[in-house]
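Please read the following walk through one protein chain with its model open beside the text.

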Amino acid sequence: MDLEDLIGPLPAPLGRWMLRRMVASGVRYGHEFVVLLVRGADPDALASVLRGADVFAHWDGGDLLALLPDTDRAGGTRVADRVREATGAAVGAAHWGGDLAEDLIERAERALAAALAQA
């Protein structure tokens with residue numbers, strides 16, 4: 001058994017903290033990243049699709065938040081598509097563009113709402 005098998009999704013407060021750390025790192029060092037809001041995926045199924053460097057946490061309303069460090073917009077789109085195909089979940093993606101954590105989550109929520117409306 002790997003250590004990753006024992007960890008699973010982080011609690012929501014830790015996910016919020018990680019998001020703020022990634023925003024701070026992006027501001028300070030220019031690191032790109034993507035957030036995904038995932039609705040309807042089993043955490044184990046999501047974990048099997050993400051990279052080892054990616055972090056995911058429980059989020060509001062039973063959703064999962066995935067943080068994809070060092071990921072550009074195109075990479076985020078590819079991962080979102082891969083998550084949809086592998087889990088059947090609805091996914092909202094947002095690429096960090098210098099915005100605040102709250103604005104980034106709001107964009108991901110709008111993308112998730114749009115994905116749900118298309119379904």
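Does Arg82 count as buried, exposed or partly exposed? At 37% relative accessibility, Arg82 counts as partly exposed, where buried means under 20% relative accessible area, exposed over 50%, and partly exposed in between, with a 1.4 Å probe and protein chains only. The model is predicted, and local features need pLDDT of at least 70, side-chain atom pairs count only at pLDDT 80 or more, and totals for chains, interfaces and linings use all residues. Residues are numbered from 1 along each chain as its sequence is written, and side-chain values use heavy atoms, with hydrogens and water left out.

Arg82 belongs to helix H4. Helices (H or I, at least four residues) and strands (E, at least two) are DSSP runs, numbered from the N terminus.

Helix H4 covers residues 73-87, and Thr87 is part of it. Thr87 counts as buried because its relative accessibility is 18%. Apart from residues up to four places away in sequence, Thr87 touches Gly40, Ala41, Ala45 and Leu46; contact means heavy atoms within 4.5 Å. Ser25 is 62 residues from Thr87 along the chain, and the C-alpha atoms of the two are separated by 30 Å.

The loop between strand E3 (64-69) and H4 holds Asp70. Asp70 is exposed, since its relative accessible area is 60%. Its backbone deserves a look: Asp70 is not a glycine, yet it has a positive phi of about 50°. Most residues other than glycine have a negative phi.

A buried strand residue comes next. Ala94 lies in strand E4, which spans residues 90-95, and it counts as buried at 3% relative accessibility. With neighbours within four places in sequence left aside, Ala94 is in contact with Phe33, Val34, Val35, Leu104, Arg107 and Ala108. For Ala94 and Ala108, 14 residues apart in sequence, the C-alpha atoms are 4.9 Å apart in space.

Phe33 is also a contact of Val23, along with Trp96, Asp99 and Ala101, when neighbours of Val23 within four places in sequence are set aside. Val23 is found in helix H2 and counts as buried at 11% relative accessibility. Val23 and Glu106 are 83 residues apart in sequence, and 14 Å apart in space from C-alpha to C-alpha.

How do the axes of H2 and H5 cross? The axes of helix H2 (residues 12-29) and helix H5 (residues 101-118) come within 10 Å and cross at roughly 110°. Such axes are lines fitted to C-alpha atoms, for helices over the stretch in contact, with angles running from 0 to 180 degrees between N-to-C directions. H2 and H5 are therefore roughly perpendicular to each other, on a scale where angles under 35 degrees count as roughly parallel, over 145 as roughly antiparallel, 65 to 115 as roughly perpendicular and the rest as oblique. The crossing of H2 past H5 is right-handed, meaning that the near helix is turned clockwise from the far one by less than a right angle.

On the H2 side, Leu19, Arg20 and Val23 meet Ala101, Glu102, Leu104 and Ile105 of H5. The residues of this contact comprise 5 nonpolar, no polar and 2 charged. Here Ala, Val, Leu, Ile, Met, Phe, Trp, Tyr, Cys and Pro count as nonpolar, Asp, Glu, Lys and Arg as charged, and the others, Gly among them, as polar.

Now the chain as a whole. It has 5 helices and 4 strands, which run α-α-β-α-β-β-α-β-α from the N terminus on. The C-alpha atoms fill a box of roughly 40 × 35 × 25 Å along the principal axes. A compact globule of 119 residues would have a radius of gyration near 14 Å, and the chain agrees with this at 13 Å; the radius is taken over C-alpha atoms, and the globule rule is 2.2 Å times the number of residues to the power 0.38. Buried residues make up 39% of the 119 residues. Of the contacts with a separation of 6 or more, 66% are between residues 24 or more positions apart.
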